[in-house]
Amino acid sequence: MWRTTWTGRLSVATFGFGAWCGALCTLFALWLLSGLFAPITTPVRVGLLLVIGLAAVARDLEWISVRLPQAARQIPREVLQDG
């Protein structure tokens, strides 16, 4: 048994439940996506997988640049100093 307060144990249990729910959502999304590709023939699926994999490697090696959407705004210093 952990030597902590009830609140600490509740925090760990809540985090574990959240991680479990996230894993289930990811599994469900992958299951749905696998069904979308079922009508496509196997060579086409393999080709799509290779193209996506090569694009990921090329981006990792910085051969291609993909601008990701972001809100590039700075927080004013006064906001951080005043709390």
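Which helices each supply at least two residues of the nonpolar patch? In this predicted model, they are helix H1, covering 6-36, and helix H2, covering 42-60.

The overall layout comes first. The protein chain holds 3 helices and 0 strands, and its elements follow the order α-α-α from the N terminus. The radius of gyration is 22 Å, whereas a compact globule of 83 residues would have one near 12 Å. Of the 83 residues, 1% are buried. The accessible surface of the protein chain is about 8200 Å², and carbon and sulfur atoms account for 69% of that surface.

Part of this surface is the nonpolar patch, about 560 Å² in area, made by Leu30, Leu33, Leu36, Phe37, Val44 and Leu48. The helix that gives the most to the patch is H1, with 3 residues. Leu33, one of the patch residues, lies in helix H1. Its relative accessible area is 43%, so Leu33 counts as partly exposed, because that class lies between the 20% limit for buried and the 50% limit for exposed.

The whole structure contains 2 aromatic pairs. In one of them, the ring centres of Phe28 and Trp31 are 5.8 Å apart and the planes meet at 35°, so the pair is tilted.

Terms used
Residues numbered from 1 in each chain as written. Predicted model: local features only at pLDDT ≥ 70, side-chain atom pairs only at ≥ 80, totals over all residues. Heavy atoms only, no water. Patch = residues over 30% accessible without salt bridge, like charges linked within 9 Å, V, L, I, M, F, W, Y side chains within 5 Å. Areas by Shrake-Rupley, 256 points an atom, 1.4 Å probe, with all protein chains shown as cover. Salt bridge = Lys/Arg side-chain N within 4 Å of Asp/Glu carboxyl O. Helix = DSSP H or I, 4+ residues; strand = E, 2+ residues; numbered from the N terminus. Buried < 20%, exposed > 50% of the residue type's maximum accessible area, 1.4 Å probe, protein only. Phe/Tyr/Trp six-rings, centres within 6.5 Å; stacked < 30°, edge-to-face > 60°. Rg over C-alpha atoms; globule rule 2.2 N^0.38 Å.
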